[in-house]
Amino acid sequence: MQNDCGRAIYKLFGTRQSAREQGNVAFDTWIANGENLLSSCPRSHPGRPHLLLLLANEKFYRYDDISRQTSDLDDIIFYLTEALLLTHCAVNGTRFNIVGALYLLSCAIVRRFEHTRQPPDLECGIQCFRSLLYLPLKKAGFQFSKVSAELANALSYKTERYPASEQENIEEVLTLYLSCLPWDPSEEYTAAVLSRLALAVAHRLGRTGQSERFDQVVGYLREGRKVCRPRDHPELSVLLAFVLSRQSLHAGQDIDYEEIMALFNEHLPLLPPRHHTRILAQMGIMLLIVTRSAGGDIPDGVEEGINGCRAALNCLPSGRQYRPICLYVLALLLRERHKYFGNEECLREAELCANEAFSSYQSENLQSLRGSDNGPTSILLSLIHADSSIAGLEEEVRHSHERLASTQPGDDNHRLTLLNNHLIYLAKFARSDDLTDLEKVIEYSQMILPSAPNAHKDTIDIASNLQLAFMRSGREELLDKSIDICRNVLETKPQQASRYKLFRLLGTSLSLRCILLGHSEDLNESTSMFKAAFDEDYSSASERFDVACLWASVVRHYRHLSTLLAYHNALSVMQSSLAVGPTVQTQHTIIGNLRLNMRTPLEYASYQIERGQLELAVEILEQGRALLWSEMRGLRTSVDQLRPTDSTLADKFLAVSKALEAITTSISLHEDPETSLDSSQGHDEVDAFSRTMKEQRRLR
């Protein structure tokens with residue numbers, strides 16, 4: 001009997017590889033045959049532990065590559081527990097692999113925890129991995145780094161379940177990584193241990209704002225990139241970009257944006273499709289783009305942010321924890337795009353994104369995440385709830401006060417709670433337009449400021465809100481305080497990204513005090529601030545046009561010496577500030593958003609008339625007309641859809657468009673009037689164009 005069983009086990013060993021290769025049905029049949037053999041093999045048989053290990057190993061292969069069924073994990077744990085308790089004898093010169101059995105058992109227990117979330121499984125798996133580290137791994141054919149990587153993964157689950165153990169777990173993973181050094185080609189999983197360490201430190205910074213070991217880990221990532229070929233371990237480069245961007249988001253430190261995006265763009269495509277860092281990298285890119293776009297060029301920044309959100313969503317299927325956060329950010333950006341471009345489709349998509357985000361927010365998974373995370377993730381989830389309804393907003397206001405009452409100044413979570421309250425009241429003010437809510441926004445901003453990582457930006461925001469409060473209340477002390485704050489920031493030489501907003505804000509506040517309150521001594525300082533904002537390299541063309549128009553409107557009222565310069569600067573950037581609309585409808589919205597600024601050429605011409613400079617006034621009017629026709633020429637309207645309906649009208653449309661283009665290209669400030677098109681001819685062409693457009697609309 002024993003000999004028959006031994007021969008059957010030996011035969012089973014010999015056929016496992018062919019069974020795998022023949023497909024799932026053949027492999028399942030092989031496992032069923034093995035289980036039948038196990039039922040007939042007595043516990044006293046020396047080959048039974050080997051058979052148990054063989055079946056456990058093949059079921060783990062089936063679980064990982066085929067089934068993902070917890071029943072396979074249950075069987076593996078049962079088989080290996082028995083195998084380790086039996087007497088171990090060599091069979092045909094092969095010793096029982098105790099290390100292999102314990103490693104497989106540890107992995108199966110932790111995998112089962114991933115499904116069931118039962119704490120005893122996690123603790124048992126961690127203890128088994130720790131025990132393995134004291135066994136002769138190399139003799140058994142196992143790498144220290146492989147066991148360390150699995151233990152580091154299990155410790156990340158422990159942190160998720162017990163946040164208070166986070167720093168202790170980081171220190172243990174750090175010890176594991178240092179034990180793997182120096183980098184050895186025979187240890188293939190050293191990079192995996194470092195990856196887990198980097199993610200743990202980055203998550204701690206995001207959750208608590210604390211950055212112990214952060215700089216040390218960044219150094220390890222840079223060293224690892226030097227030792228390993230990027231194609232072999234692209235995750236090291238991706239994680240370096242991720243942790244550096246996270247450091248900027250939470251510590252307010254300057255970063256090399258181009259370097260980080262280059263790391264992401266070059267190495268993210270090299271990651272395997274299911275790699276655990278891919279989703280985090282996409283989220284990192286999205287947040288980096290959105291943060292960088294804040295306060296920058298609105299069209300470019302919003303478009304880049306929207307593209308980043310959509311790329312992240314492609315990696316976040318329904319049910320993933322961070323999907324609603326990404327959806328909510330996308331909704332905010334789409335609403336911003338709607339404000340600028342007036343595209344109703346953007347608004348509809350934004351509402352769909354916001355609704356899906358709130359629907360996901362209500363899930364037990366997200367509520368658990370909110371309960372365990374006291375960082376930006378929890379804040380974004382609060383905003384999703386507040387954005388859903390008035391009732392949700394009021395509930396978040398109450399919740400924010402309760403959270404604040406449970407913290408003390410100096411606590412890890414105190415500043416983040418203040419930030420949450422600030423953002424909730426900002427959302428409330430956006431709905432209510434109530435001065436009381438705005439005063440709460442200012443109050444919480446001032447409480448955050450002493451511990452703010454990006455003090456310049458936050459201080460400027462406070463000054464901006466104070467100016468808005470003055471406009472609502474007329475209280476002079478609010479405007480004075482806004483001006484004082486801006487002047488103090490100016491003395492500290494703020495970062496380049498903050499300077500345009502600072503210069504414009506201070507110039508506006510000074511001009512308000514000058515015009516409304518009679519402080520004429522503020523005029524020169526106000527003018528110098530407007531000029532500084534216009535000259536700021538970091539500002540966009542639309543921002544420079546806006547501030548130049550504001551500058552001109554203020555100084556003309558006082559006949560200031562800089563009036564001509566202000567108008568000249570405005571006209572010089574007017575065209576580039578308009579050249580963003582891809583369609584007639586979009587361009588119409590952009591022009592509508594500019595409101596009175598579109599009258600700048602007329603205002604400039606009228607100012608020249610006041611000065612008696614009639615020829616210059618005519619030139620300015622011609623230049624303004626040229627700018628508008630130039631924009632119209634850039635709006636190429638397709639006639640492909642019109643031609644099947646009315647080919648004659650399509651031909652007429654093209655002819656009129658070409659004539660208008662000839663008018664545009666003929667206009668120049670310094671051309672000889674005799675060589676230009678007759679003005680009556682130009683007006684005739686415009687009238688023809690209008691008639692053609694009306695006819696085209698009628699056919700729609």
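Student: What should I know about the numbering and the model?

Tutor: Residues are numbered from 1 along each chain as its sequence is written. The model is predicted, so local features need pLDDT of at least 70 and side-chain atom pairs count only at pLDDT 80 or more, while totals for chains, interfaces and linings use all residues; side-chain values use heavy atoms, with hydrogens and water left out.

Student: How many helices and strands are there in the protein?

Tutor: The protein has 32 helices and 0 strands. Helices (H or I, at least four residues) and strands (E, at least two) are DSSP runs, numbered from the N terminus.

Student: What share of the residues of the protein count as buried?

Tutor: Of its 700 residues, 48% count as buried. Buried means under 20% relative accessible area, exposed means over 50%, and partly exposed lies in between (1.4 Å probe, protein chains only).

Student: Why is Glu58 called buried?

Tutor: Its relative accessible area is 0%, so Glu58 is buried. Glu58 sits in helix H3.

Student: What is Glu58 in contact with, leaving aside its neighbours within four places in sequence?

Tutor: Contact means heavy atoms within 4.5 Å. By that rule Glu58 is in contact with Arg16, Arg20, Phe27, Trp30 and Ile31.

Student: What makes the pairing of the Glu58 side chain with that of Asn57 a polar contact?

Tutor: A polar contact is a pair of N or O atoms within 3.5 Å; within protein, one must be able to donate a hydrogen and the other to accept it, and residues adjacent in sequence count only if both atoms are side-chain atoms. The distance here is 3.1 Å, and the contact is from side chain to side chain.

Student: Why are H2 and H3 called roughly antiparallel?

Tutor: Helix H2 (residues 24–40) and helix H3 (residues 48–67) pack at about 155 degrees, with their axes 11 Å apart. Axes are lines fitted to C-alpha atoms, for helices over the stretch in contact, and angles run from 0 to 180 degrees between N-to-C directions. Angles under 35 degrees count as roughly parallel, over 145 as roughly antiparallel, 65 to 115 as roughly perpendicular and the rest as oblique. H2 and H3 are therefore roughly antiparallel. Residues of H2 that meet H3 include Phe27, Trp30 and Ile31, and Glu58 is among the H3 residues they meet.

Student: Which hand does the crossing of H2 and H3 have?

Tutor: It is left-handed. A crossing is left-handed if the near helix is turned anticlockwise from the far one by less than a right angle, and right-handed if clockwise.

Student: How do you know whether H5 is roughly parallel or roughly antiparallel to H7?

Tutor: The axes of H5 and helix H7 (residues 144–161) come within 11 Å and cross at roughly 25 degrees. That makes H5 roughly parallel to H7. H5 passes H7 in a left-handed crossing, and Tyr103 and Cys107 are among the H5 residues that meet H7.

Student: What makes the span of H5 close to the expected one?

Tutor: The expected span of a helix is 1.5 Å times one less than its number of residues. H5 (residues 98–116) has 19 residues, and its first and last C-alpha atoms are 27 Å apart, close to the expected 27 Å.

Student: Why is H5 called largely enclosed?

Tutor: In H5, 15 of the 19 residues are buried, so the rest of the structure largely encloses it.

Student: Does Asp433 count as buried, exposed or partly exposed, and why?

Tutor: Its relative accessibility is 45%, so Asp433 counts as partly exposed. Asp433 lies in the loop between helix H20 (414–432) and helix H21 (435–448), and has a positive phi near 60 degrees.

Student: Why does Arg559 count as exposed?

Tutor: Arg559 counts as exposed because its relative accessibility is 62%. Arg559 is in the loop between helix H26 (541–557) and helix H27 (563–578), and its phi is positive, about 50 degrees, although it is not a glycine.
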